[in-house]
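Student: I am new to this structure. Please take me closely through one part of it, and then through whatever that part touches.

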Amino acid sequence: MEIIEAYSDCCIKTDVLVVGGSTSALIAALEAKKNDLEVLLVTKGRVGLGGNTIVSGAGLAAFLPDGKTSDSFEQYREDILSSGKGINQEDLVQVLVENSTSALEDLEGYGVTFLKNERGYVRRTPPGHSCARQIPTAFGTKNYHIRGLSINLPLRLAAQRSGIKFFEKTSIVKLLHDSEGICGAVGIESAEEKLVRIKAKAVVLATGGGGRIFERTNNTADVTGDGYTLALTAGAKLVDMELVQFYPTMGLKPLRIPISSPLLGDGAVLRNRNYERFLARYDPAGDMATRDSMSRAIFSEVKAGNGVDGGVYIDFRAIPAHVLAGKHQGFTEYMRRKGMSPDKDMVVISPSTHFFMGGIKIDPCCRTGIEGLFAAGEVAGGLHGANRLSGNALTETVVFGKIAGAMAAQKARTIQTHRDVEDRWISPDGYRCGQVREIRTALRRTMWQNVSVVRSQDSLETALADIDALKNELEETFVKKFGQLAEWITVRSMLAVAEVVTRSALMRTESRGSHYREDFPATDNDNWFGKIEVCLRGAELDLKFHAKDR
């Protein structure tokens with residue numbers, strides 16, 4: 001591994017630039033490096049130690065053609081389309097399903113280990129899956145709430161060994177492009193407060209989603225939607241941005257961690273303040289309802305006065321002891337370290353912002369429509385439709401990260417020399433910054449209150465008015481020092497992403513999957529069976545609906 005020093009007057013050259021530091025970024029970088037190219041991985045934090053993989057359930061959904069279940073490629077595909085309410089980009093679904101098995105093999109090749117027993121892989125059945133196909137990693141001594149390090153740490157080590165260059169604690173704040181396409185990026189290195197320009201023959205965006213634009217979220221602090229605005233301002237399109245998944249079982253008390261949904265598949269149930277099982281009143285699937293339906297049910301039960309401290313109970317007592325000790329050993333041990341036991345104690349849970357189904361529009365080769373720019377992972381949209389199945393996020397990072405890295409390398413090999421772009425975007429005398437944290441806090445509050453689990457025209461218009469006021473307030477703040485510029489740009493990006501999400505949600509006058517409008521509670525296939533795409537026309541957002549064939 002090489003850590004690159006950043007200087008205000010320096011210009012780094014690389015063949016492939018990968019922006020991001022978690023699973024999809026690492027997989028893309030590793031795949032590109034197989035082509036004997038210079039690969040540079042740039043991230044806001046430290047490679048492998050940020051992003052949502054580390055706080056995930058560390059389980060991948062995959063079809064395993066070993067005859068041990070009734071699963072099939074077609075059944076897996078149908079489960080994804082059913083969860084996505086039919087508006088998934090089906091060519092992406094096909095790629096995911098067909099490559100899900102090799103995703104496990106690829107991770108094992110990089111040193112990731114999975115839980116196994118005498119019958120092979122341990123398999124779990126989260127809500128929404130018709131059979132057991134989620135494969136958890138063996139996270140060993142790693143703490144339960146950061147068990148995703150069982151994936152990222154081996155990948156980081158593999159990247160170090162392969163000679164991939166790391167550029168850490170650096171925010172990419174602009175993509176450079178000319179008439180031929182993307183040719184580099186501008187970054188701000190936070191520790192040394194330096195500006196750096198990077199020349200690249202191809203760029204992969206693997207920056208994750210935007211969950212931190214909401215007040216209540218289980219996302220890590222660095223997941224602020226940067227990739228969406230980088231792509232949008234470079235000319236790419238965003239799709240499905242109104243479709244944000246809310247994780248129904250985020251622990252509120254006494255445990256403040258995501259409660260893994262496969263526990264529900266093994267017998268856990270939800271109860272209200274009167275200890276009644278209530279989910280069947282909202283969804284015939286009951287405690288095996290998909291995340292969107294379960295989140296709304298909890299939200300409604302709390303609103304009806306049947307909640308517990310803003311949430312409901314999750315009760316693990318029906319799970320057999322041998323299942324807790326086997327498939328859920330890590331969670332069981334974590335509870336016991338906290339002085340609790342799943343065979344007698346319940347946890348209060350509530351929905352929280354979890355995952356963006358929307359993102360950069362890509363094709364099955366991870367191309368964005370902008371020459372030389374590729375995207376993979378949560379930053380890309382279209383695959384999951386209106387609701388993502390548990391386990392598919394990590395499978396997506398591996399499958400599409402690999403494709404993006406390979407395609408970026410292929411593009412880079414066609415370019416002989418780096419192109420020069422004169423960039424006057426940042427002037428040393430014109431930085432604006434100031435007290436941006438209050439603006440960030442206000443944005444996150446209005447997004448949770450008005451654009452979260454239950455939406456309406458009134459709530460969405462309230463959010464848009466708040467966003468507009470906060471944008472004006474941000475523009476009127478002034479610089480104190482260079483080091484604050486990256487934070488200012490991040491908040492500006494968060495405001496831009498929030499506006500895209502809110503305007504898209506206002507445009508879709510129906511309810512579908514994770515998008516629920518209480519003023520339009522029905523699903524309207526006649527008018528809204530399709531996708532909302534967003535691009536920039538000058539400085540203004542342009543939203544268009546594209547119907548999908550039925």
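**From a hairpin to the pockets**

Tutor: Start with a hairpin: β8 and β9 form it, with two residues between them. Keep in mind that this is a predicted model. Eight bridges hold the pairing of β8 with strand β9 (residues 181-189), and the sense is antiparallel. Strands of a sheet pair through backbone hydrogen bonds, in either a parallel or an antiparallel way.

β8 (170-178) gives two or more residues to the lining of the largest pocket, as do α5, α12 (457-475), α13 and β20. That pocket holds about 890 Å³ of space. Its lining counts 34 residues, and those closest to the centre are Thr-229, Thr-233, Arg-492, Ala-496 and Leu-536. The lining has 18 nonpolar, seven polar and nine charged residues. The largest share, 10 residues, comes from α13.

On the α5 side, the contact is made by Asp-226, Tyr-228, Thr-229 and Leu-232. On the α13 side, Thr-490, Ser-493, Ala-496, Val-497 and Val-500 make it. By class, this contact has five nonpolar, three polar and one charged residue. Some names come back here. Thr-229 and Ala-496 are in this contact, and both are listed among the residues closest to the centre of the largest pocket.

Next comes a sheet. Helix α13 (residues 485-507) lies across β11, β19 and β20, and runs at about 40 degrees to β20. Those strands belong to an open sheet of five, in the order β18-β16-β11-β19-β20, with mixed pairing. β18 (380-381) and β20 (540-547) are the edge strands; each has a single partner strand, so one side of each is left without a neighbour in the sheet. Inside the order, strand β11 (residues 238-239) and strand β19 (residues 530-537) run antiparallel, joined by two bridges. Leu-238 has Val-534 as its bridge partner in β19.

Four strands form an open sheet in the order β12-β15-β14-β13, and the pairing is antiparallel. At the edges stand β12 (244-253) and β13 (269-271), each with a single partner strand, so one side of each has no neighbour in the sheet. From one strand to the next, the twist averages 50 degrees. β12 pairs with strand β15 (residues 347-356) over seven bridges, in the antiparallel sense. Across that pairing, Phe-246 stands opposite Thr-353 in β15.

In the whole structure, a search finds three cavities of 30 Å³ or more. The second largest cavity has a volume of about 70 Å³. It is lined by 14 residues, and the closest to its centre are Pro-127, Ser-261, Thr-290, Arg-291 and Ser-390. β12 and α7 (291-306) are the elements that give two or more residues to this lining. The lining has five nonpolar, seven polar and two charged residues.

Last, look at another helix pair. The axes of helix α3 (residues 90-109) and helix α10 (residues 392-413) come within 8 Å and cross at roughly 90 degrees. That makes α3 roughly perpendicular to α10. Among the α3 residues in the contact are Leu-92, Val-95 and Leu-96. From α10, the contact includes Val-398, Val-399 and Phe-400. By class, the contact has nine nonpolar, four polar and three charged residues.

How values were computed
Residues are numbered from 1 along each chain as its sequence is written. This is a predicted model: local features need pLDDT of at least 70, side-chain atom pairs count only at pLDDT 80 or more; totals for chains, interfaces and linings use all residues. Side-chain values use heavy atoms; hydrogens and water are left out. Two strands pair if DSSP finds at least two bridges between them. Contact means heavy atoms within 4.5 Å. Axes are lines fitted to C-alpha atoms, for helices over the stretch in contact, and angles run from 0 to 180 degrees between N-to-C directions. Angles under 35 degrees count as roughly parallel, over 145 as roughly antiparallel, 65 to 115 as roughly perpendicular and the rest as oblique. Ala, Val, Leu, Ile, Met, Phe, Trp, Tyr, Cys and Pro count as nonpolar, Asp, Glu, Lys and Arg as charged, and the others, Gly among them, as polar. On a 1 Å grid over the protein atoms alone, a cavity is a set of points where a 1.4 Å probe fits but cannot get out, and a pocket is an open set with protein on both sides within 12 Å along at least five of seven lines; lining residues have an atom within 4 Å of a point. Grid points are joined across faces, edges and corners, and a volume is the space filled by probe spheres set on the points.
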